[in-house]
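Please read them with the sequence and the model open alongside.

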Amino acid sequence: MKINISKIIIFIFVGFFLLIFWLGLKKDNNYDTKNIIGNKIDSFQLSSIYSNKFISEEILKENKFTLINFFASWCAPCRAEHEYLLNLSNNSKDIKILGINFKDKKNNAISFLNELGDPYDSVGYDNDGKISISFGIYGIPESILVDHNLIVIKKIIGPIDQNQYNEILELVE
Amino acid sequence: MKIIFLFIIYVLLSTHLYTSENQAVLLEIYKNLRCLVCQGQSIADSNSDFAATIKLVVQDQINIGKNKDEIYSFLISKYGEWIVYQPTFSKSNLLLWILPYFIFIAGGLIILVIVRKSKDNKTN
């Protein structure tokens with residue numbers, strides 16, 4: 001039987017393309033956070049929302065675990081997750097919460113915390129959002145759980161819900 | 001007097017050239033960065049909050065003397081490879097890089113086979 005080389009080449013060619021398309025369709029192109037988990041957070045310096053003092057990564061080293069929460073007074077989902085932050089602050093001794101106020105007005109942020117309660121051990125102010133980029137933040141609310149070595153254990157995109165609250169508690173216990 | 005005048009023109013022109021060169025580099029970087037909160041837009045095309053912040057960060061990094069590759073690796077370390085349109089060369093995207101060459105060679109082979117075949121048919 002005579003082998004038709006051009007047909008074989010076309011067959012391989014088409015098969016190869018189908019394989020590429022199939023692999024491409026299978027791949028999840030949604031942004032995820034796996035690249036940041038396990039990494040050490042960058043050094044940072046933020047001014048406190050309440051005073052002229054600076055907050056840096058050094059204070060996180062004193063805590064067993066720190067939840068870094070990005071919030072703003074203009075962010076509606078931040079209101080939704082606030083009760084979970086208050087519960088975390090009240091129910092877990094091992095976890096401290098650092099709030100980072102994102103592109104907000106200081107007075108509005110303080111009013112927000114006065115109205116809903118302040119779950120944060122300290123609150124830093126990121127008025128232009130540049131610090132948030134070094135945490136891989138692209139919207140708020142977002143939260144990052146780090147240990148005392150400043151290694152990221154978990155990142156939560158969007159408001160913390162009951163499941164994520166339970167997961168955080170499991171991770172720190 | 002003439003020398004002072006020429007010097008002022010030189011300073012003005014070189015500042016202008018430096019600024020336009022910087023602008024061109026910034027635009028090139030913005031165009032290669034994906035806006036993660038937009039539908040198919042680059043950072044250059046988008047007016048979103050996220051794009052505005054990324055632009056500020058890129059400007060800062062250029063001002064402190066970082067080059068394109070350093071800026072891309074910084075952003076990739078924070079947001080993953082998805083943030084850049086032009087992916088870096090790695091095992092996982094090897095196919096993407098070699099595919100055009102593969103298509104070129106395979107296409108050439110097919111044409112060669114067809115030409116040879118038609119020549120054989122003519123001689124026979």
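**Notes on disulfides, surface and cores**

1. A:Cys78 has a relative accessibility of 1% and counts as buried, because the cut-off for that word is under 20%. Please keep in mind throughout that this is a predicted model, and that the values quoted in these notes are therefore to be read as features of a prediction.

2. The partner of A:Cys78 is A:Cys75, and the two are joined by a disulfide with a distance of 2.2 Å from S to S. A:Cys75 is buried as well, with a relative accessible area of 4%. The link between A:Cys75 and A:Cys78 is right-handed, with 90° about the S-S bond.

3. How many disulfides are there over all chains? The count comes to two, and in chain B a disulfide is formed by B:Cys35 and B:Cys38, whose sulfur atoms lie 2.0 Å apart. This link is right-handed, with 50° about the S-S bond. B:Cys35 is buried at a relative accessible area of 2%, and B:Cys38, with a value of 17%, is also buried because it falls under the 20% limit.

4. Which residues have the most contacts inside the largest nonpolar core? They are A:Ile41, A:Leu67, A:Ile68 and A:Phe135, in a core that has 42 residues. Several elements of chain A each supply at least two residues of this core, among them strand E3 (65-71), helix H3 (76-91), strand E4 (95-102), helix H4 (106-116) and helix H6 (162-172).

5. A:Ile41 deserves a separate look in the viewer. When residues up to four places away in sequence are not counted, A:Ile41 touches A:Leu60, A:Ile68, A:Phe135, A:Val146, A:Leu150 and A:Val152.

Terms used: Residues are numbered from 1 along each chain as its sequence is written. Chains are lettered from A and ligands numbered from 1 in the order in which they are written. This is a predicted model: local features need pLDDT of at least 70, side-chain atom pairs count only at pLDDT 80 or more; totals for chains, interfaces and linings use all residues. Side-chain values use heavy atoms; hydrogens and water are left out. A disulfide is a pair of cysteine sulfur atoms within 2.5 Å. Buried means under 20% relative accessible area, exposed over 50%, partly exposed in between (1.4 Å probe, protein chains only). A nonpolar core is a set of buried Ala, Val, Leu, Ile, Met, Phe, Trp, Tyr and Cys residues joined through side-chain atoms within 4.5 Å. Helices (H or I, at least four residues) and strands (E, at least two) are DSSP runs, numbered from the N terminus. Contact means heavy atoms within 4.5 Å.
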